[in-house]
Amino acid sequence: MSDAASTPPIVGIDLGTTNSLVAVAAWPAADAAGAPPRVIPDEQGRALCPSAVRFNADGTTTIGHEARDGAVEFPLSTVLSVKRLMGRSIADAGEDLKYLSFRVVEGPHETARVEIPAAADGEAPRVVSPQEVSALILRRLREQVSRALGVEVGRAVVTVPAYFDDAQRQATRDAGRLAGLEVVRIVNEPTAAALAYGVGVGAGAGPQTIAVYDLGGGTFDVSILRLTPAEKEEEGHAAGADAFQVLATAGDTHLGGDDFDHALMDLFTGEIAAAFFPGPAGMPRLDPSTRRAVREFAERTKIRLSEAESASVRIDLGPGADGAARVYERTIARAEFEALVAPLVDRTISACRRAMKDARRAIDDAGGDKVACVVLVGGATRTPLVRARVREFFGLEPYTALDPDLVVALGAAVQGSVLSGATRSALLLDVVPLSLGIETVGGAVAKLVVRNSTVPARATEMFSTSVDGQTSIKLHVLQGEREMAADCRSLGVFHLTGIPPMPAGIPQVQVEFLVDANGILNVSAVERRSGKRAALQVVPRHGLTRDEVERMEAESLANAREDMARHRVVDLIANARLDLHWIAPQLARHGARLEPGARAELEARLAALRGLVEAAERDWRGVDANAFHAAKEAVDRASVRLHEIAIAESLKGTSSA
């Protein structure tokens with residue numbers, strides 16, 4: 001084997017909620033010319049590795065198919081769907097807990113952790129983080145691909161939902177590090193799917209707009225992308241590079257096939273309670289084994305209903321207190337299942353509508369920018385209702401030639417081969433899913449990076465102090481679409497200290513936001529007069545809750561007019577206060593040199609502006625923003641002569657010294 005062929009590739013890994021897998025492209029090097037990416041199966045030829053880990057009493061772990069198949073027997077020590085806990089707090093995970101057989105406890109900083117029962121009496125339970133569980137799955141995949149290729153693989157491109165926030169992305173990177181992998185790039189799942197699509201059918205097809213609808217086990221994303229193959233080079237795209245530009249993305253980090261299972265579980269347990277536990281006490285909490293068994297019945301029913309019009313369910317609950325058998329048995333029609341999950345599917349279509357609006361694309365666009373193809377990603381897209389609703393919304397038959405379970409890993413492998421230099425370039429232009437900004441005086445938000453900005457993204461903004469002699473500035477970093485800090489998600493707080501005391505408004509603080517190719521935010525600040533610096537890699541303690549993204553966007557639209565008005569008034573208060581702070585002392589010192597009429601006018605203008613500031617501070621709705629702005633402008637005009645006198649006096653004092 002040549003040196004080039006023996007150089008370990010950068011593999012692509014889809015770390016999924018339900019299943020995970022690994023793929024490779026253009027390896028060995030001789031395969032680079034036109035070889036398609038391929039999934040690397042395990043020794044039994046299975047492409048998918050269930051995202052399941054069992055912690056055994058002897059300290060070993062069981063991963064994948066065997067762990068999933070034994071989950072009913074070992075419910076407390078088998079961890080599944082851990083992706084839904086990555087980078088999240090115990091409160092964020094609250095809605096999931098009733099469906100899990102294992103125990104979730106609170107860890108440091110309120111993070112969600114998994115408690116594994118003690119192996120023996122007298123021993124303490126073991127508490128592990130979601131990152132540690134994910135690392136075991138990643139290590140299994142690393143070992144699997146290393147055996148198959150005959151080289152030790154140490155680098156990978158790992159995919160995440162497009163709506164994963166900074167904490168969730170960092171948690172994914174940490175899991176890779178624990179698994180002995182260098183995560184060279186984190187790629188959004190819809191973007192990876194578009195890469196695989198572009199390699200499979202996009203070349204030579206000319207520029208086109210596609211939608212990637214990604215409904216996995218635990219998350220949902222939709223992205224609208226513009227694909228420009230190298231053969232159809234456009235201005236701004238490098239020669240020889242396929243361009244994959246994300247125009248807009250929307251989604252929900254807490255919506256997926258698991259929620260379909262939960263809907264069926266709720267149906268089963270509700271009917272079991274009515275049939276066998278009719279008294280006021282109701283049905284007791286199911287033991288972990290039964291809860292896991294009901295979950296498996298729900299999952300099998302869901303899969304069966306994707307292929308058949310009905311499915312039968314039979315759950316033996318064992319004898320009751322009177323010794324009589326308790327068997328829950330019924331047939332579920334596909335129509336009944338679809339009625340249960342229709343609200344969930346509707347949420348995905350609402351996200352599609354937002355993404356299309358943000359991408360400035362219309363379903364019936366008569367121009368060349370109409371969506372040409374809808375690519376389905378994720379096992380839950382096999383649900384007939386999902387395909388029907390997608391077909392209805394986009395007016396297109398969904399593209400299903402690519403296996404929805406494999407397409408994300410294949411695209412990640414393509415990106416791995418690009419990063420390693422093994423294949424020709426592809427230009428990836430992904431986006432920031434939610435706006436990023438800084439809290440300003442009065443609780444408003446100055447947005448530096450707006451949502452759907454292309455990454456890497458860099459933005460700078462100048463700020464100053466609002467209090468005389470201030471030597472420290474608190475910088476509060478926020479994420480969201482609202483205009484006020486209280487309505488956005490806090491990402492982190494850091495302080496720029498050691499600033500020499502100066503009058504308010506004099507320090508010049510330059511804040512820079514840098515969102516790297518992985519979607520990780522870094523913030524830096526420098527006070528330009530003193531040179532003092534501070535920096536922070538913003539990694540919030542928890543991820544976004546299930547409804548936060550949808551709530552942020554919906555509220556930003558519903559409250560846009562009021563938010564903008566409040567933001568304007570808050571800014572006017574801050575700027576007017578600075579005017580009053582500077583003009584009042586100068587008027588007392590040099591006012592006698594003004595013409596009587598000019599001084600009287602300025603005093604009246606100042607009094608009017610002061611009254612508006614006081615009224616706005618009591619209730620921002622109680623002032624007219626236009627009148628407030630006009631009053632401030634009037635003060636600025638009336639104070640010009642006073643500023644000229646003050647400057648002349650200052651220069652005279654300097655020259656005499």
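1. Ser 77 counts as buried in this predicted model, because its relative accessibility of 11% falls under the 20% limit. Its place in the chain is the loop between helix 2 (65–69) and strand 7. When neighbours within four places in sequence are set aside, Ser 77 is in contact with Val 53, Arg 54, Phe 55, Ile 116 and Pro 117.

2. Ser 81 belongs to the loop between strand 7 (78–80) and strand 8 (103–106). Ser 81 is also buried, because a relative accessible area of 12% is under 20%. Its side chain is joined to that of Asp 258 by a polar contact of 2.9 Å. Beyond four places in sequence, the contacts of Ser 81 are Thr 17, Ser 51, Asp 258 and Arg 295.

3. One of these contacts, Arg 295, is among the buried residues of helix 7. This helix covers residues 288–305, 18 residues in total, and its first and last C-alpha atoms are 26 Å apart. That span is close to the 26 Å expected at 1.5 Å a residue.

4. How many aromatic pairs does the model hold? The count is five. In one of them, the ring centres of Tyr 197 and Tyr 399 lie 5.3 Å apart and the planes meet at 90 degrees; the pair is edge-to-face because this angle is over 60 degrees. The two residues are 202 residues apart, so that the pair links distant parts of the chain: Tyr 197 is in helix 5 (residues 189–202), and Tyr 399 is in the loop between helix 9 (384–394) and helix 10 (407–420). Tyr 197 is buried, with a relative accessible area of 5%.

5. A ring also takes part in an arrangement with a charged residue. Lys 83 lies over the face of Phe 164, at 6.0 Å from the ring centre.

6. The last point concerns cysteine. The number of disulfides is zero. Is Cys 352 buried or exposed? Cys 352 is buried, because its relative accessibility is 0%, under the 20% limit. Cys 488 is buried as well, with a relative accessible area of 13%.

Definitions and conventions: Residues numbered from 1 in each chain as written. Predicted model: local features only at pLDDT ≥ 70, side-chain atom pairs only at ≥ 80, totals over all residues. Heavy atoms only, no water. Helix = DSSP H or I, 4+ residues; strand = E, 2+ residues; numbered from the N terminus. Buried < 20%, exposed > 50% of the residue type's maximum accessible area, 1.4 Å probe, protein only. Polar contact = N/O pair within 3.5 Å; in protein donor to acceptor, adjacent residues only side chain to side chain. Contact = heavy atoms within 4.5 Å. Expected span 1.5 Å × (residues − 1). Phe/Tyr/Trp six-rings, centres within 6.5 Å; stacked < 30°, edge-to-face > 60°. Lys NZ or Arg CZ within 6 Å of the ring centre and 35° of its normal. Disulfide = S-S within 2.5 Å.
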